[in-house]
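Welcome! Here is a friendly briefing for anyone opening this structure for the first time. Take a look at the sequence and the model, then read on.

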Amino acid sequence: MAPQHLPSTRMAPLGVLLGLLVTSWFTFCLSCQNSKNFALTNTEKNIHKESETKETRGEEEQLDTEVLEVFQPTQEWQALQPGQAVPAGSHVRMNLQTGAREVKLQEDKFQTNLKGFKKGKRLDINTNTYTSQDLKNALAKFKEGAETENSKDEQARQATVKQLFRPIEELKKEFDELNVVLETDMQIMVRLINKFNSSSSSLEEKVAALFDLEYYVHQMDNAQDLLSFGGLQVVINGLNSTEPLVKEYAAFVLGAAFSSNPKVQVEAMEGGALQKLLVILATEQPLSAKKKVLFALCSLLRHFPYAQQQFLKLGGLQVLRALVQERSAKVLAVRVVTLLYDLVTEKMFAEEEAELTQDSSPEKLQQYRQVHLLPGLREQGWCEITAHLLALPEHDAREKVLQTLGALLATCRDRYRQDLQLSRTLGSLQAEYQTLASLELQEGEDEGYFRELLASINSLLKELR
């Protein structure tokens, strides 16, 4: 049977299909072969990159321990070679076109760094290289050198101190050998008070004890310590002694202890010091004893308004008036006038301070207002007494009397105007000090001492017209 052939119209689609299958199989085979080749190529590249990274790290680690060359930058950009160290303060950048690092000096530090390089600021002056280990060693040596230098300075200072001073233990040992005992101020004052208060002590020993005690009570703390063991009262009781020297030096100690020490002043008032001082001034005593007693009285009254009140109540102004009128006590007149001037101005300053601070009821001001000193001075005739003291020959005495006359002017104005002797004295002093002030001007002293006295006299004369 003869084979049957398919029509040509059906054979065409089959051929096309067969061609597509062959083409797809061939493409698949090629893609498989390319993927294998591609994977093999990438693996080789990755292995090559890892080996390069390891080599670079190894080189860097090797460079860290090896010698590094110091790169000296300039103001121009220069390529930095591998293994070169960059100095501090340099400006570094990455060139994106070439991939190389470039270095130059910063503009404001160029001259400074250039001078540093010229001075050879390197670790090793014989080479241009250094290592990190060299830097560590140099830093360690620097610290050791600084510590050594500091220790040497401290040793030298200690040696100098030892040459200038001696240990306290050594001094105590030598004092013990010499039978010398180191005492505090408190212990010394206790010993001196016991010596003064002892009935077995002679007059010279008592006076010497008081003389030494005066040196210590000048200090405020020591004067207050004198209260703690009853020493102040012992000295106050010494004012009752029948020996003028004991009275004199007891008053000397009290004057030093009272000075600007309110706590001691209060204790003294409670211990009856004011009455005892006034009794000595009112009775016949040696002039030297009255000088020391007046000193103690001034120290007790100053800046202590309560003591000033009691002073007036006990007739203190009469006692001072009698003292000034004594012919043998003329030398004390200026001290008395100075005390009165201080008391008058002290009260005036307290009132002025209260007005400035607008405080009308401070306790201290209330105490000063209870001190009626100016009326007492007028009643006791101190206007005339002070005016007559202007006839004293000493310039210093005249100055203090003029100051007191000015302080009492508001209270004694009418008395001064009626005092003809005062007018004649002021006129005579005006002529005298005009001559002396003219001599000062000729010598080139525009503001001399006599010129000031002349100004005080002129001011007083003007007020009395």
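How many bridges join β4 to strand β5? The answer is five, and the two strands run antiparallel. Please keep in mind that this is a predicted model.

- Strand β5 covers residues 101–105.
- Within β5, Glu 102 is the residue that stands opposite Arg 93.

**The nonpolar core**
- There are 94 residues in the largest nonpolar core, and Leu 320 and Tyr 416 have the most contacts inside it.
- Helix α9 (residues 244–258) supplies the largest share of this core, with ten residues.
- Apart from neighbours within four places in sequence, Tyr 416 touches Cys 383, Ala 387, Leu 405, Leu 408, Leu 409, Leu 422 and Leu 464, all of them counted as contacts.

**A nonpolar patch on the surface**
- Val 161, Leu 164 and Phe 165 together form a nonpolar surface patch, with about 320 Å² of accessible area between them.
- One of these residues, Val 161, belongs to helix α3, which spans residues 132–164.
- Is Val 161 buried, partly exposed or exposed? Val 161 counts as partly exposed because its relative accessible area is 35%, and partly exposed lies between under 20% for buried and over 50% for exposed.

Note on methods. Residues numbered from 1 in each chain as written. Predicted model: local features only at pLDDT ≥ 70, side-chain atom pairs only at ≥ 80, totals over all residues. Heavy atoms only, no water. Patch = residues over 30% accessible without salt bridge, like charges linked within 9 Å, V, L, I, M, F, W, Y side chains within 5 Å. Areas by Shrake-Rupley, 256 points an atom, 1.4 Å probe, with all protein chains shown as cover. Salt bridge = Lys/Arg side-chain N within 4 Å of Asp/Glu carboxyl O. Helix = DSSP H or I, 4+ residues; strand = E, 2+ residues; numbered from the N terminus. Buried < 20%, exposed > 50% of the residue type's maximum accessible area, 1.4 Å probe, protein only. Pairing = 2+ DSSP bridges. Core = buried A, V, L, I, M, F, W, Y, C linked by side-chain atoms within 4.5 Å. Contact = heavy atoms within 4.5 Å.
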